[in-house]
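Here is a short note to read beside the model. Take the points in order and find each residue as you go.

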Amino acid sequence: MWPFKKGKQPTPPPPSSEFSTPWRSLDWKEDKQKLLTAVNKFKPRNPEVDTLRILLHGPQGAGKSSFFNSVYNVLKGRITTRALAHATETDGSFTLMSKTYNMKKDCPNSYFPFNFTDIAGMHEASTGIQMDDIVKLLNGHINSGYTFNPVKSITEDDPKYNKNPTLKDRIHCLVAVLPANTVSIMNEDKMDDNKKDDKKIDNNIFKQMREVRVKARDLGIPQVIILTKIDESCPLVKDDLTKVYTSKKIKKKMEECSVNLGVPVNCIYPVKNYHEERTTDDIMDILILDALKNIIYFADDNVEDQVDSEFVTPFTLLGGNTSMASFLKRLFTSCSNTTACSGPTVV
């Protein structure tokens, strides 16, 4: 009898690139209008800060200016080019100065209660923005229009220097913009170059970004990461943008961002910026609006925290307790917004 010969074992299928269910849910049919309504109706809770300030930072070519344009596209319902974005990567950042963009509504002389400050993309240490300038910007000392000098920090006699910033001048939310197709684990240098499917952000840039994050953390400023170019990083998402939260690769990229910069995954938002499109797209809009809504909510929470801190600290130093200080703060705020506490009317 001939010995039994086993046939060739079938090659197991490759692991799936997709989760069976989305790990973060969005309703691609209903959420655009809900999110637009939430953003359009939003008003800061503190009347002293009528416009929340959001700072965009990150490496050159990450898509900071494109993200702002994309937000504006969604709010206007058409393609716009408020912030000039470079079409290709270059050796230098296309954004040369600090510029703040107010978000105009359709009604005359009406603006959204938040704006974006766009600054030069991060380079190598020798050509990047001075860290001291970033700290001063976070604290409200640098006005829109200042051109950063990589050699020296801004001085108090500069016409763009604000010597006495108030709460409304400070940055209320720090947004790091990172391209998904360049995000990688920090120790990837040991990998074979042939196995790398993505470009890599220079470690020195990550170091700069972590330093900015620490400075913002010490100031109590909330931080968000916008993960751009997700379609260039994941073929699954390139074919169908609604698969962004079932894509294993995109989730891995978000987790790598969290590890590299210390920002929780629930504060990281993947988006596709407008680039070659001539009309707006509902799926792109939903991802952008979801990020925007949370950014302005985080910024508003920060303002409330800063006001509570400024009110509570002096009161407690005088012997009051924190709960009483918070109660009095709410009482005074309520009185300032109503006529019932304005005192008797003289006839």
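1. Start with one term. Buried means under 20% relative accessible area, exposed means over 50%, and partly exposed lies in between (1.4 Å probe, protein chains only). F112 has 4% relative accessibility, so F112 counts as buried.

2. Know what you are looking at. This is a predicted model, where local features need pLDDT of at least 70, side-chain atom pairs count only at pLDDT 80 or more, and totals for chains, interfaces and linings use all residues. Residues are numbered from 1 along each chain as its sequence is written, and side-chain values use heavy atoms, with hydrogens and water left out.

3. Stay with F112. F112 sits in strand β3, residues 111-118. Helices (H or I, at least four residues) and strands (E, at least two) are DSSP runs, numbered from the N terminus. Which residues does F112 contact, leaving aside neighbours within four places in sequence? They are V39, N40, L75, M103, K104 and K105. Contact means heavy atoms within 4.5 Å. K43 is 69 residues from F112 along the chain, and their C-alpha atoms are separated by 8.6 Å.

4. Now take T100, in strand β2 (residues 99-104). Its side chain makes a polar contact with the side chain of T117, at 2.8 Å. A polar contact is a pair of N or O atoms within 3.5 Å; within protein, one must be able to donate a hydrogen and the other to accept it, and residues adjacent in sequence count only if both atoms are side-chain atoms. Not counting residues up to four places away in sequence, T100 touches R53, N115, F116, T117 and S144.

5. Turn to the aromatic rings. A pair of aromatic rings is described by the distance of the centres and the angle of the planes. Rings of Phe, Tyr and Trp (its six-membered ring) pair if their centres lie within 6.5 Å; planes under 30 degrees apart count as stacked, over 60 as edge-to-face and the rest as tilted. The structure holds nine aromatic pairs. One of them is W23 with Y245, which is edge-to-face: 5.4 Å centre to centre, with 85° between the planes. This pair links distant parts of the chain, 222 residues apart. W23 is in the segment before α1 (31-41), and Y245 is in the loop between α6 (235-239) and α7 (248-261). W23 has a relative accessible area of 26%, so W23 is partly exposed. Y245 is buried, because its relative accessible area is 2%.

6. Look at a second pair. F42 and Y297 are tilted: 6.0 Å centre to centre, 40° between the planes. F42 is in the loop between α1 and β1 (52-57), while Y297 is in helix α8 (residues 282-317), 255 residues apart. Is F42 buried or exposed? F42 is buried, because its relative accessible area is 9%. Y297 counts as partly exposed, because its relative accessibility is 33%.

7. Stay in helix α8, which also holds D300. D300 has 4% relative accessibility, so D300 counts as buried. Not counting residues up to four places away in sequence, D300 touches F42, P44, R45 and L52.

8. Finish with a cluster. F67, F68, Y72, Y101, F112, F114 and F116 form one aromatic cluster.
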